[in-house]
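Here is a short note to read beside the model. Please keep the sequence and the structure in view as you go through the points.

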Amino acid sequence: MSVVCSTVMGMSAAAVLEAVEGIDLPDTAAPDDTAAPDDAAATEDTPTTAAAADGVTVRLDETLDWLHGLVSARGMDQGLAGDAARIDRIAVCERLQASLEAVKAVEMVAFAQSQSAEQLRLGVHPSKIGAGIGEQIALACKVSPSEGSRRLHVARDLVLDMPLLLDLLAVGEIGGWTARLIVGQFSHLDRATRSRLDAELAGKELGSMGSRRAETTAKRLAYQADPVAATERARKARKDRRVTLRPAPDTMSLLTGLLPVEQGVACYAALDAAAKSAKAAGDQRSRGQIMADTLVARLTGQEAADDTGFEVGVIMPLGTLLDPNDPRPAEIIGTDVLPADLIRQLIKDAEARCWWRRLFTRPTPDGGQLIVDADKRKRRFSSWLAHLIRCRDQVCRDPFCGAPIRHLDHIHRHTDGGPSTATNGRGVCERGNYIREMPGWTVRVVDTNTHTVEIVTPTGHHYRSRPPQPP
């Protein structure tokens with residue numbers, strides 16, 4: 001069978017089929033065939049599996065319990081262990097953490113090999129071989145799908161092409177973050193070059209370097225090994241320019257622009273010049289405040305940063321709006337919680353026009369609330385129904401994802417007769433909507449009262465999620 005290499009989810013078909021060849025893994029007992037747990041056994045965002053734990057898993061679980069015992073008994077040996085012994089413990093814990101990262105890398109690559117072979121057996125189109133592997137790893141690690149794929153990509157390069165660096169990680173000479181930075185600098189190189197640079201790095205005493213110095217050393221070696229590839233990588237990176245928004249503590253946010261270096265410097269210089277000019281004219285705001293306000297004003301086209309005329313979805317109880325003594329907070333959809341007094345002041349002071357939209361909630365059996373209705377339903381998720389689902393789910397409903405909602409998914413597929421209702425709908429990212437179409441993935445509503453949705457992966461693991469509580 002001819003296989004066309006692809007990089008779906010950051011893992012090429014050819015690469016995963018070569019995974020862990022020549023790597024000796026511990027002997028493990030074959031898993032027993034055990035039925036999947038019933039619905040009552042699974043909890044929100046908690047994975048369950050249809051297979052009994054193997055010997056390695058049991059041993060790791062025992063170690064985890066022992067470590068938990070150390071934490072639970074904190075202070076018990078106060079005065080018995082000297083400070084030197086405690087520093088030794090901290091150092092060993094750091095090495096242990098690094099070693100676990102190496103173990104995870106080996107397991108990820110072995111899992112990717114097995115899953116890719118299974119996808120080939122099931123007749124998955126060659127262009128989609130590898131899809132869904134990073135997502136399963138992400139669910140197991142309780143991270144976003146994009147982070148799961150990044151970890152898999154690093155593991156692939158580390159295990160297959162950089163065995164010496166993997167050994168340094170396994171014995172705790174370097175940390176997981178350092179290893180990830182180094183592998184990232186070699187990711188654009190061919191496998192033979194990566195292996196050669198792995199040998200060069202092994203002789204540079206990486207264990208005595210900080211993470212950034214190790215990354216710089218790797219970057220220099222990568223450029224010297226292939227200047228053309230390094231230049232092409234820089235050109236490609238410019239195509240990936242983007243702007244992102246993330247929540248920050250205390251009702252703040254981080255608006256980040258990933259820009260070519262000369263453009264980033266130019267933007268900062270313009271904001272800095274505006275701040276200097278304003279300060280020279282007697283502006284009492286700090287330099288940072290002036291730069292931030294100037295950025296908002298110039299991007300939105302408003303004369304003042306506070307006078308923004310764009311729609312921002314805010315969900316709040318009616319009492320929060322009308323009663324000055326109501327302490328319940330409001331929420332910016334999918335972003336942050338705002339104190340009641342602050343949101344009332346923002347609405348009062350807003351110079352832009354405000355719009356109000358009604359949403360309807362009902363109590364859930366566990367004492368919470370669920371957004372359940374708006375005014376209209378149509379065949380497709382559009383208009384009010386689409387708005388309702390976006391307000392209820394706020395971010396992608398796949399466990400641990402948290403990406404913005406891009407698709408409105410029929411949980412029971414529309415092609416299979418699933419209705420276009422709020423109960424049968426969920427907001428997901430583009431990636432999550434496509435992955436559920438891969439063999440072995442199922443999605444269903446297991447509790448309509450709380451709109452708890454269960455995802456079952458090809459390995460039989462169950463993960464649940466429910467919408468965030470409305471304020």
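**Notes on a sheet, a loop and a helix**

1. Strand β11, residues 452-456, pairs with β12 in the antiparallel sense, and four bridges join them. This is a predicted model.

2. As background, strands of a sheet pair through backbone hydrogen bonds, either parallel or antiparallel.

3. Is Thr-457, with its 4% relative accessibility, buried or exposed? Thr-457 sits in the loop between β11 and β12. Its relative accessibility is 4%, and buried means under 20%, so Thr-457 counts as buried. Leaving aside residues up to four places away in sequence, Thr-457 touches Gln-136, Leu-139, Gly-440, Trp-441 and Tyr-463.

4. Turn now to helix α6, residues 163-170, whose buried residues are Leu-165, Leu-166 and Leu-169. Viewed down the axis of α6, these buried residues fall within an arc of 105°, so they line one face of the helix.

5. What do the buried residues of α6 pack against? Their partners are α3 (83-121), α5 (145-161), α7 (176-186) and α8 (191-202).

6. Look also just after α6, where Gly-172 takes a positive phi of about 80°.

Definitions and conventions. Residues numbered from 1 in each chain as written. Predicted model: local features only at pLDDT ≥ 70, side-chain atom pairs only at ≥ 80, totals over all residues. Heavy atoms only, no water. Pairing = 2+ DSSP bridges. Helix = DSSP H or I, 4+ residues; strand = E, 2+ residues; numbered from the N terminus. Buried < 20%, exposed > 50% of the residue type's maximum accessible area, 1.4 Å probe, protein only. Arc of directions from axis to C-beta. Contact = heavy atoms within 4.5 Å.
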